[in-house]
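Thanks for coming. I will take a few minutes on one structure, so please look at the screen.

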Amino acid sequence: MNAQLTLLQAARWRPLEMAFWVLAFASPYVLAQHALIINEIAIVALFAVSLDLILGYTGIVSLGHAAFLGFGAYTAALFAKHIHPDPLLGLLVGTACATVLGAVCSFSIMRGTDLTRLMVTLGTALILLELANKWDDLTGGADGLQGVMMAPLLGRFEFDLMGQVAAWYSLSVLLLLFALARRLVQAPLGATLKAVRDNRLRAMAIGIPVTSRLSVVYTVSACIAGASGALLAQTTGFASLDVFALERSADVMLMLAIGGVGWLYGGIAGAVAFKLMYDVIANITPQYWTFWMGLFLVVLVLVGRERLIRPWTWFSATRKEGQS
């Protein structure tokens with residue numbers, strides 16, 4: 001009974017969470033001149049949330065998570081260009097195709113060590129990259145898939161040059177899939193995933209179906225990553241080979257390193273910090289922005305994220321004591 005109450009309390013949306021999402025949806029209007037970067041942050045945040053599901057909650061390390069991002073992007077772009085330009089329909093198709101790919105690839109991460117999973121996931125992304133490069137008649141090859149035109153969202157809202165509609169569209173999908181992931185990890189399934197992450201042999205010994213749990217969470221993670229790829233192609237009108245590149249997978253790992261793994265808001269916080277730092281530093285020193293990013297990560301590791309958030313942790317603990 002106590003465990004059920006704990007899960008119910010953890011699943012409730014807190015006022016600070018709701019305030020965060022209200023501010024997020026207000027940002028394209030308040031910061032209209034920065035709507036394009038808000039759209040980019042929403043997309044990469046969704047991608048980071050998808051990786052945190054498997055890295056933070058099951059301990060599956062992946063260097064090829066961009067495979068699902070790229071597959072969703074190319075599928076949505078091809079669907080819009082050759083079949084139907086409706087963005088919601090294209091989003092569903094891109095997400096569904098990435099989900100199927102994730103279900104197929106989930107069998108490849110069941111066995112072996114972390115190093116084996118690293119190589120298998122990386123190899124999957126490289127295979128898709130080479131296929132997209134060779135099938136240039138379909139994908140555009142090294143030139144990318146250009147001329148992707150989207151119909152108005154819900155038949156009414158045109159994708160404007162300022163990027164406001166795109167930002168609200170991406171934020172809506174982010175909130176919907178974030179709520180899905182949040183519900184997943186706060187459910188009893190999430191508790192079993194953490195047990196598998198901490199000790200797989202012990203989880204098997206107490207009767208947890210480890211294989212099916214890993215397969216489910218990997219498929220859901222691929223689904224969310226495919227949705228972020230579809231959003232990327234739809235809001236930019238372009239899909240190129242770099243969506244499969246190792247840099248995409250490495251960048252999202254850096255976002256989780258900044259924001260923290262094992263809590264879904266870590267992916268969002270890391271995405272915001274990473275994109276803002278990139279935008280600011282690249283404008284100042286475009287040739288050396290990676291140096292400053294690396295220096296920030298070194299400081300983060302040396303200082304420790306716990307020390308940076310200690311004032312907020314102390315405030316929250318004090319507030320809870322006062323309420324009790």
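How many nonpolar, polar and charged residues are in the lining of the second largest pocket? Before the answer, a caution: this is a predicted model.

The lining of the second largest pocket has twelve nonpolar residues, three polar and six charged. That lining is made up of 21 residues, and those nearest the pocket centre are E40, V44, L232, R248 and K275. Two or more lining residues come from each of these elements: α3 (35-58), α11 (210-236), α12 (246-259) and α13 (264-284). Of the lining, α3 gives the largest share, with six residues. The volume of this second largest pocket is about 470 Å³.

Now the chain as a whole. You will see 15 helices and zero strands. The chain has 324 residues, and 45% of them are buried. Take the contacts with a separation of 6 or more: 78% of these join residues 24 or more positions apart.

Last, the cysteines. A search for disulfides through the whole structure finds zero. C97 has 27%, so C97 counts as partly exposed.

Methods: Residues are numbered from 1 along each chain as its sequence is written. This is a predicted model: local features need pLDDT of at least 70, side-chain atom pairs count only at pLDDT 80 or more; totals for chains, interfaces and linings use all residues. Side-chain values use heavy atoms; hydrogens and water are left out. A disulfide is a pair of cysteine sulfur atoms within 2.5 Å. Buried means under 20% relative accessible area, exposed over 50%, partly exposed in between (1.4 Å probe, protein chains only). On a 1 Å grid over the protein atoms alone, a cavity is a set of points where a 1.4 Å probe fits but cannot get out, and a pocket is an open set with protein on both sides within 12 Å along at least five of seven lines; lining residues have an atom within 4 Å of a point. Grid points are joined across faces, edges and corners, and a volume is the space filled by probe spheres set on the points. Helices (H or I, at least four residues) and strands (E, at least two) are DSSP runs, numbered from the N terminus. Ala, Val, Leu, Ile, Met, Phe, Trp, Tyr, Cys and Pro count as nonpolar, Asp, Glu, Lys and Arg as charged, and the others, Gly among them, as polar. Contact means heavy atoms within 4.5 Å.
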